[in-house]
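Hi,

Here is the structure I promised to pass along. Have a look at it first, and then read on for what turned up.

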Amino acid sequence: MRVLLIGANGYLGRFVADRLLADPAVQLTALGRGDDADVRFDLASGSPGALTRFLDAVHPGVVINCAGATRGGARELTRHNTVAVATVCEALRRSGCGARLVQIGCGAEYGPSQPGSSTAEDAVPRPGGPYGVSKLAATELVLGSGLDAVVLRVFSPAGPGTPAGSPLGRLAEAMRRAMQSGDGELKLAGLGAQRDFVDVRDVARAVHAASLSAAQGVINIGSGRAVRLRDAAAVLARVAGYGGALHELDGPPGPLRATIGHPRSESDHAAPVAYPYPDGCGSWQQADVRTARDRLGWRPRINLEESLADIWMEAACRI
């Protein structure tokens, strides 16, 4: 099976590439903006015609799109998350390869949900920020393209390679600095949000399964369990061997801000705070993952403690 992987150097794409390369039946070609891609191509600025010519030459059976942007202004997010997907869809429509498209969506497309609820694929999407809007627009383009396509809505990926700027990445970095300086107290803000964390290696397994399946439409990929960030912090402290006290700063949710080894000042109280997750999903998100089980034969295998242990291993190497 010839597979064209777009975004192989990204956080999710690297693990998808590893998973596909481990399958002897897969012949993988990586397309991206980096020098180490097999073929250099920028979806946000390249033409559908150029991509069509490449598709006709390579003739893949599956195209997997892991490319996209998670940060930036509305214009940048639209270019990399929506315009890029429009280019892929148009190129596939023009091409004679007849490839199946596996598009990586995200849980942010749903927006805020009721605490205690599980969000299924038939929920009406109401994204709460430009990132979710740009990804939802991409999903609608894929679903309306007439292609053989599936969109995997990935909730909150975790595990090795977690970006340092993500909530879990910032938490690990704060703990690393506390241990490095010998601080016996770690004060953090913004730990009240609850998210459905799914290990990035489990996401890669889901992408592989979706590539081989005939499933179409939208499929949620998550653990099916919401975890409060303060509980994740406690687990991370245990796996890190941090024996200090964890104190959650009061007040409205803010960024994962660490004030280590000293009391809060008046400026800490007065500083404006932003929500710790840029996904616009409010305080709660939990996936209903029954469709992934039924249509892909997929279940998550790696628990959050193992994911956090891997995040900590990478953070600890910076000591």
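To start with the sheet: in what order do the strands of the open sheet of 7 strands come? The order is E3-E2-E1-E4-E5-E6-E10, with parallel pairing. At the edges sit E3 (39–40) and E10 (217–221), each of which pairs on one side only. Before you go further, keep in mind that this is a predicted model. The chain has an average pLDDT of 90, and 91% of the residues score at least 70.

**Around E1**

Strand E1 (residues 2–6) is mostly covered, with 4 of its 5 residues buried. Its pairing with E2 (residues 27–32) is parallel and runs over 5 bridges, and leucine 5 stands opposite alanine 30 of E2. To get from E1 to E2 the chain passes through helix H1 (residues 11–21), and this β-α-β crossover is right-handed.

E1 also pairs with E4 (residues 62–65), again in the parallel sense, over 4 bridges. There, isoleucine 6 has asparagine 65 as its bridge partner. Further out, E2 and E3 are joined by 2 bridges and run parallel; glycine 32 is bridged to arginine 40 in E3.

**Around E9**

Is strand E9 (residues 194–199) enclosed or open? With 6 of its 6 residues buried, E9 is largely enclosed by the rest of the structure. You can see this on both faces: Gln194, Asp196 and Val198 are buried on one side, and Arg195, Phe197 and Asp199 on the other.

I checked the lengths of a couple of helices. The 15 residues of H5 (residues 167–181) should span 21 Å at 1.5 Å a residue, and the end C-alpha atoms are 21 Å apart, so the two agree. If you try the division yourself, the expected span is 1.5 Å times one less than the number of residues. The buried residues in H5 are Pro167, Leu168, Gly169, Leu171, Ala172, Ala174, Met175, Arg176 and Ala178. After H5 comes glycine 182, which has a positive phi, near 75 degrees.

H10 (residues 304–316) passes the same check: its 13 residues should span 18 Å, and its end C-alpha atoms are 18 Å apart. Its N-terminal end is capped by asparagine 303, with a side-chain oxygen 3.3 Å from the backbone nitrogen of glutamate 305. Buried in H10 are Leu304, Ser307, Leu308, Asp310, Ile311, Trp312 and Ala315.

**Loops**

Histidine 59 is one to click on, in the loop between H2 (48–58) and E4. Histidine 59 has a positive phi of about 55 degrees although it is not a glycine. At 41% relative accessibility, this residue counts as partly exposed.

Proline 115 lies in the loop between E5 (100–106) and H4 (130–143), and glycine 282 in the loop between H8 (266–270) and H9 (290–296). These two residues are 167 residues apart along the chain, and their C-alpha atoms are separated by 9.5 Å. Serine 113 and glycine 282 are 169 residues apart in sequence and 7.5 Å apart in space, C-alpha to C-alpha. Leaving out residues up to four places away in sequence, proline 115 touches Ser283 and Trp284. Proline 115 counts as exposed at 52% relative accessibility, while glycine 282 is partly exposed, with a relative accessible area of 27%.

**One caution**

Over residues 251–276 the pLDDT stays under 50, although the model has 60 contacts for them beyond four places in sequence. Where pLDDT is low, the predicted coordinates should not be read in detail.

Cheers

Technical notes. Residues are numbered from 1 along each chain as its sequence is written. This is a predicted model: local features need pLDDT of at least 70, side-chain atom pairs count only at pLDDT 80 or more; totals for chains, interfaces and linings use all residues. Side-chain values use heavy atoms; hydrogens and water are left out. Buried means under 20% relative accessible area, exposed over 50%, partly exposed in between (1.4 Å probe, protein chains only). A polar contact is a pair of N or O atoms within 3.5 Å; within protein, one must be able to donate a hydrogen and the other to accept it, and residues adjacent in sequence count only if both atoms are side-chain atoms. Two strands pair if DSSP finds at least two bridges between them. A crossover is right-handed if, with the strands pointing away from the viewer, the path from the first strand over the helix to the second runs clockwise. pLDDT is the predictor's confidence in each residue, from 0 to 100. Contact means heavy atoms within 4.5 Å.
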